[in-house]
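Please consult the sequence and the structure shown below while reading.

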Amino acid sequence: MLQLRQSGILLHITSLPSPHGVGDLGPEAYRFADFLASTGQTYWQILPLTPLDPGAGFSPYSSPSAFAGNTLMISFDRLVEQGLLPVGEVAELAAEWQNTEASMATAWSKKQPLLRRAAETFVEQGLTTAGLGFDTFCYQQAQWLDDYALFVALQQDLNIPTWNNWPDALVRRDADELTAQTERLAHEILIVKVLQYLFYQQWNDLINYCYARKIHIVGDIPIYVQQNSADVWGNKTLFKLDEGGLPLFVAGAPPDYFSADGQRWGNPIYDWAEHERTGFAWWIRRMRHQMSLYSLTRLDHFLGFETYWEIPATEPTAKVGTWVKAPIEAFIQAMYRQFVQLPLIAEDLGARSAEIQPFLRHYGIPGMRVAQFGFGDDLPTSSHIVHNHTLNNVVYTGTHDNNTTLGWFRQGADDLRQRLNEYFGVLVTEENVVSLIARMTLQSTARLAILPIQDVLNLNEEHRMNTPGLGGYSWQWRLKPGQLTPEAGEQLLALTKMTGRA
């Protein structure tokens, strides 16, 4: 998929500046697209766009839907332009935010009432039937939208967030009961669908603006879905569940040097035999949906398509588990038969990454290389060090899970600093480390290089996007207005041109 030598920036939508508590699809998103175009960039990489779950620490990788959009990203400014919100109330909320520390939880509580009002106004103005936009959207997205809207409406009506605790007929998805509830909650279902329509309307406007400036979006798919999701509730046979719909096994990673207990993520495990029996139909729908949103998609934890760590659901940690083979060959072949080309980036990071390299090479799927990972004890032979990079890869200074490069250096041990000094042949300091690592990353032979915006701006560890295991303290970081200075843009453009990526 990677034919040209290009580069881009990693910045999630929620990290954009905004007067409304969380980055959104409003004016600042368009300004950032202009910044990318003016600095010679080709790609804007983001994190998943799916809805957030307050109970999961607002992680974009733990969502109640693999298809729906995160309505917190809906721009109030755009809703005012459409006549769906009063300008005065939006201005009042913006004034409140000036004295409030930004957080996902606060944004969630403050934005929901106005989003609801905008949807109600949309319905009152007859916009659900005016023209074909909304009706067409609901028809085209019905395979996921109908279940998701009913799922959300039931959560709110029953005041029971977890579907396993709903009345038995709903847990079993009794057809008569689903029909009755759909009729009873028709208005609430309509409101959910309107908000999804408004989100995707704003998203499509933004990507069209980006495409007109030759900027392409790199999206993200988590391999697993959340147990408490419309996806699991509506497709129970595709997961290893008991009769009550609870997981028999959950996903995670075994103990290693970094974690004595391993990582117990808690997502239900796919019943891959059933997926294969159905021709991977659910995955094909998911991939088709992603391809309608992005030019390229990063598939998170690609290792899990070859071998995954299966933990009995009764185990409190990931210490007890089994490596289980997944049907990667059949999966990839099914995808190629359906799509001919797969616009994917495989997140192939991890202890067993060597096992999937033959598949990536055979099918021409680019993997990931992370500059920070190249300076360990295995520096000479590491696949992450720049002298071992190959063309069909995407190279990063660091990912959303890594420290910023300045923070990584500041918190690194003496042996890291010694290796950096020896590799670059100069004394590496806090003043020059980000410049050196960024320059090395863009000088890589890999066709695509991505810099997190934090490294473009030389920011320290306080600006880290995510620290795995930290829960709700992650995912909160945002750019400040005016932080993207002309000087930073000029330096980025010069480096992009010099390395042949403009």
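Two residues are in contact when heavy atoms lie within 4.5 Å of each other. On that basis, and leaving aside its neighbours within four places in sequence, P161 is in contact with Q155 and N228. The model is predicted.

**The loop residue P161**
- P161 is located in the loop that runs between α6 and α7 (168–171).
- With a relative accessible area of 51%, P161 is exposed, because the cut-off for that class is over 50%.
- P161 and N228 are 67 residues apart along the chain, and 8.1 Å separates their C-alpha atoms.

**The two sides of α5**

**Packing of α5 with α6**
- The axes of α5 and α6 come within 6 Å and cross at roughly 95°, which means that α5 is roughly perpendicular to α6.
- On the α5 side, the contact involves F137, C138, Y139 and Q140; on the α6 side, it involves A142, W144 and L145.
- Sorted by class, the contact of α5 with α6 comprises 6 nonpolar residues, 1 polar residue and no charged residues.

**Packing of α5 with α9**
- The axes of α5 and α9 come within 10 Å and cross at roughly 100°. These two helices are therefore roughly perpendicular to each other.
- G133, F134, F137 and C138 in α5 meet L190, K193, V194, Q196, Y197 and Y200 in α9.
- By class, the contact of α5 with α9 holds 7 nonpolar, 2 polar and 1 charged residues.

**Cysteines**
- How many disulfides are counted? With the sulfur atoms of a cysteine pair required to lie within 2.5 Å, the count is 0 disulfides.
- C138 has a relative accessible area of 14% and is therefore buried, the cut-off being under 20%.
- C210 likewise counts as buried, because its relative accessibility is 0%.

Terms used:
Residues numbered from 1 in each chain as written. Predicted model: local features only at pLDDT ≥ 70, side-chain atom pairs only at ≥ 80, totals over all residues. Heavy atoms only, no water. Buried < 20%, exposed > 50% of the residue type's maximum accessible area, 1.4 Å probe, protein only. Axes fitted to C-alpha atoms, helices over the stretch in contact; angles between N-to-C directions. Helix = DSSP H or I, 4+ residues; strand = E, 2+ residues; numbered from the N terminus. Parallel < 35°, antiparallel > 145°, perpendicular 65-115°, else oblique. Nonpolar A, V, L, I, M, F, W, Y, C, P; charged D, E, K, R; others polar.
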